[in-house]
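I opened this entry to keep track of what I looked up. Notes are in the order in which I checked things.

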Amino acid sequence: MTPALHLKNLYKRFGATQALDGVSLRVEYGTVHGLVGENGAGKSTLIKVLAGIYRADAGSLSIDGHRLQAPTPRQVEARGVHFIHQERLLPASFSVGEALFFGHEIRRGPFVDRRAQEREAARLLRDYFDLQFPAGALVRDLDSAQRQVLQITRALLAKPKILVFDEPSVSLVKREVDQLLGIIRRLRSQGLSIVYISHYLQEIEALCDQVTVLRNGRDVAVVDPASTSTAQIARLMVNRDVGDMYPRTRAVPGEPVLQLNQLGAGHAYDGIDLRVHRGEVLGLTGLVGSGAKELLKSLFGLNVPERGEMHLHGQPLRLKSPADAVRHGIALVPEERRSHAVAPLLSVLENITLASLGSFSRWGLLDRGAQARESRRLIDELAIKTTGPDAPVQELSGGNQQKVALAKWLSRHSSLYLLDEPSVGIDIGAKVEIYRLIARLAESGAAVLVLSSDLPELIGISHRILVMHRGRIAGEFDARSTNSEQLLGCATGSGERPSGATAHLPITQKETADVQS
Amino acid sequence: MSSLETLARPATEPANNLLPRLAQRGSLLVFGLILLVFAMTAPNFLSAGNIANVFAQSAILGILAFGLTCVVIGGGNHVVSGGLDLSLAANLGLCAAVYSSLNNQGCEAWQALSLTLACGVLVGAFNGLAVLLLGLPPLLATLASMNLVAGLELVLTQNSVLPTESALLASLAFGYWLGVPALAWVLLAVAALLTLLIQHSAFGLRLYAVGEYPEAARAAGLGLRRYVFSSYLIAGACAAVAALCSAAFFSGSTTGSGEMLLSVVAITFLGVVFSRRLTANIPGTLLATLLLGFLINGFQLLNISSFWVNGVQGVLILLVVAFSAAVAKQEGHA
């Protein structure tokens, strides 16, 4: 039987990099096909070849049994292949009907028939997904999941045969991811063929009929996720045993660095007693609204707690602003890497030395030599993959950007590191390196507080884990003797787990900022 | 699929919508209040003659602001990096000068008229090319063309007033239809035409998409340049039409048309506040034009110095810009 989509032996070279090295992808009709691989494995190049954005150096591309020679994006679309990107490409001020139909408006005479559009939009949402959006809602009133549904519906208007989802779940919380997976299953049952690209192997496992694993521009395996564990898939992706994926620090906790007594702020959290020691990695987790995020922000002076007290190295600590925190040797690596942690246009060197320019200055002028030495040292030490210290950070992969964000604080030798979702959106290989780095920070005598919703990650890298629930610390666990189920039970309160919950907690509620460059 | 039904819940949190709603209601309320205060204090404020007068006097500013509205829609309503046409007022000055000199040299009425329109559209095309081909931010591109156009006007007029008279200007200036002055009809006609084009045609909807989210428009297969370019052409045409109204109002070309720029920008961004979607739009711009018109008129009737109007305008611009910045921030964090 001919497959719905068949990419065969594709090669693509960019300068010195062989991005695709004979990769093949075969998607059968009516199936969901997962595509996984580390960053740099060739996923995005492969998708761009499929979309007609890049032209492959060699290889063939057949859609629905038709072979296409170096197709344009329009030809690919005409064959029924449509793409759902990570960003929701919908103007915020548009109504649901307008967002759905702009570019192919329903008209009456020369004018747009708004009522017909809204009616038709409501009908389509009902027919495809059994959904009803609030009447008169604008795109800006919808949450990310609803926008995603709208984006999918927009693609469905073109009667696609194959839908390609490119990291669709990145900015969704757990509940929304479940809904997305439900919708994709529904599309499959309606006969569509689907390519699903994601970093989250649990989603892949829950959704896909087949998975193609890419590594170094080749398809190293096609597996059935029903019979292959996520650990096996991960091992195929990185070609090393993932048993050492979580390099736990060997550091032995020393005297306390930070101590909180009955800390409280508004309704966000209250009565927090916490202690983190030298050489300790302390995990912190909780569901959306548990207050964990707010607590972390308070520790960096981003919001000021009203009750209780903080002590740093035994001295009372009052943080009114992040500048106070930095002065006291506290470092924060925030979650929104691009907007808060690195300056994308500045070079690696400038980013690394940004937080500690004082130590690179002589007579008020910057000492380029010292800056270069320090950044080269950190680039080597952290194995940051960059063409050099002068490369703009935006050219680096997500994992390497994260390393730069960490390096920035390393050059200051902080005593307390606050890491907010340090591994979100980066590939497994880079994750392991970040974990190693965290372990090293602890071994060098710093205290590390990691906020994460990835429970296996927390269990793997922490000494202790604190779970927050409704603004309180609901439990403290020794990472060596706990498991994801236990933590999840504690985080959801009552110890009961909602059905279908996995080891991935929706700790953050964020939305992709409209990408308008 | 009952699990999906939770998706259908209203996602809006009340706090999220408070600011826009407050602004919209608030600005309408302020509009009403101003009318009320003037109605009670200023003599003849509510007389049909006065109201018609305000419409007529607002025609020039209003039509220019319609042009700017189109550009802001197509370029996005970010105050600094979005769409902007600073050359509109200067373009009006040039067009009025062109019409006056052509008319004085004895050109046929239709020749003078069409060459004036062509002049306005040409300046618009120049702006469009500067923005699209050179990739300049509209703020800078049109700042440059504003100076260029103002210079051309000086060359043409030697910085003097060119008085002129024609049947067209006379009927614009003194004509009445159904008891309403001709200039008011021009304002309403341009408003109606552009409302149909911008708010109700596919072109308009796509122009919004292009301005607000270029990536989305590109993904929808829309040719961005075509839409942005047309918005500058429309602005240029608006400048030419406004120039005719101005020539009618002042019986010829005048100097110092550039001073209208600030009012035009104020009106356009004030118009944003009148819409539920918080986007630049033609009816909102019309409302804002009239608000400013009534304000000036009321001040005149009460014998308050017109210098105060400048102050009020400045405050309005500050408020509106601060407001849109606040909304943009909210959207970014939402």
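The entries below go from chain A as a whole to its strands, then to the cores and a helix pair in chain B.

**Entry 1: chain A overall.** I noted at the outset that this is a predicted model. I looked up the secondary structure of chain A and found 17 helices and 24 strands. I then checked burial: of the 517 residues of chain A, 49% count as buried. For contacts in chain A between residues at least 6 apart in sequence, I read that 68% join residues at least 24 apart.

**Entry 2: an open sheet in chain A.** I traced a four-stranded open sheet in chain A, with strand order 2-1-4-5 and antiparallel pairing. Which strands stand at the edges? They are strand 2 (17-27) and strand 5 (66-68) of chain A; each has a single partner strand, so one side of each lacks a neighbour in the sheet. From one strand to the next, the twist averages 25 degrees. I also looked at one pairing within the sheet: strand 1 (residues 5-14) and strand 4 (residues 58-63) of chain A are antiparallel, with five bridges. Lys8(A) has Ser60(A), in strand 4 of chain A, as its bridge partner.

**Entry 3: helix 1 of chain A.** I listed the buried residues of helix 1 (residues 43-51) of chain A: Lys43(A), Thr45(A), Leu46(A), Val49(A) and Leu50(A). For background, an α-helix has 3.6 residues a turn, so residues three or four places apart point the same way. After helix 1 of chain A comes Gly52(A), with a positive phi near 85 degrees.

**Entry 4: strand 22 of chain A.** How many residues of strand 22 (residues 447-451) of chain A are buried? I found five of the five, so strand 22 of chain A is largely enclosed by the rest of the structure. In a regular strand the side chains alternate between the two faces of the sheet. I checked both faces of strand 22 of chain A and found them covered: Ala447(A), Leu449(A) and Leu451(A) are buried on one side, Val448(A) and Val450(A) on the other.

I then looked up the pairing. Strand 15 (residues 281-286) of chain A runs parallel to strand 22 of chain A, with four bridges, and Val281(A) has Val448(A) as its bridge partner. Strand 21 (residues 416-420) of chain A is also joined to strand 22 of chain A in parallel, by five bridges.

**Entry 5: nonpolar cores.** The largest nonpolar core has 172 residues, and the members that touch the most others are Ile63(B), Leu64(B), Ala239(B) and Cys245(B). I checked which element gives the most to this core: it is helix 11 (residues 224-250) of chain B, with 18 residues. Setting aside neighbours within four places in sequence, I found Cys245(B) in contact with Ala59(B), Ile60(B), Ile63(B), Leu172(B), Leu183(B) and Val186(B). A second, separate core has 77 residues, including Leu319(A), Val348(A), Leu437(A) and Leu466(A).

**Entry 6: a helix pair in chain B.** I looked up how helix 4 (residues 88-104) of chain B packs on helix 11 of chain B: the angle is about 55 degrees and the axes are 8 Å apart.

Conventions:
Residues are numbered from 1 along each chain as its sequence is written. Chains are lettered from A and ligands numbered from 1 in the order in which they are written. This is a predicted model: local features need pLDDT of at least 70, side-chain atom pairs count only at pLDDT 80 or more; totals for chains, interfaces and linings use all residues. A nonpolar core is a set of buried Ala, Val, Leu, Ile, Met, Phe, Trp, Tyr and Cys residues joined through C-beta atoms within 7 Å. A residue is buried if 20 or more other C-beta atoms lie within 10 Å of its own, exposed if 12 or fewer, and partly exposed in between; C-beta atoms are placed from the backbone. Helices (H or I, at least four residues) and strands (E, at least two) are DSSP runs, numbered from the N terminus. Two residues are in contact if their C-beta atoms, placed from the backbone, lie within 7 Å. Two strands pair if DSSP finds at least two bridges between them. Axes are lines fitted to C-alpha atoms, for helices over the stretch in contact, and angles run from 0 to 180 degrees between N-to-C directions.
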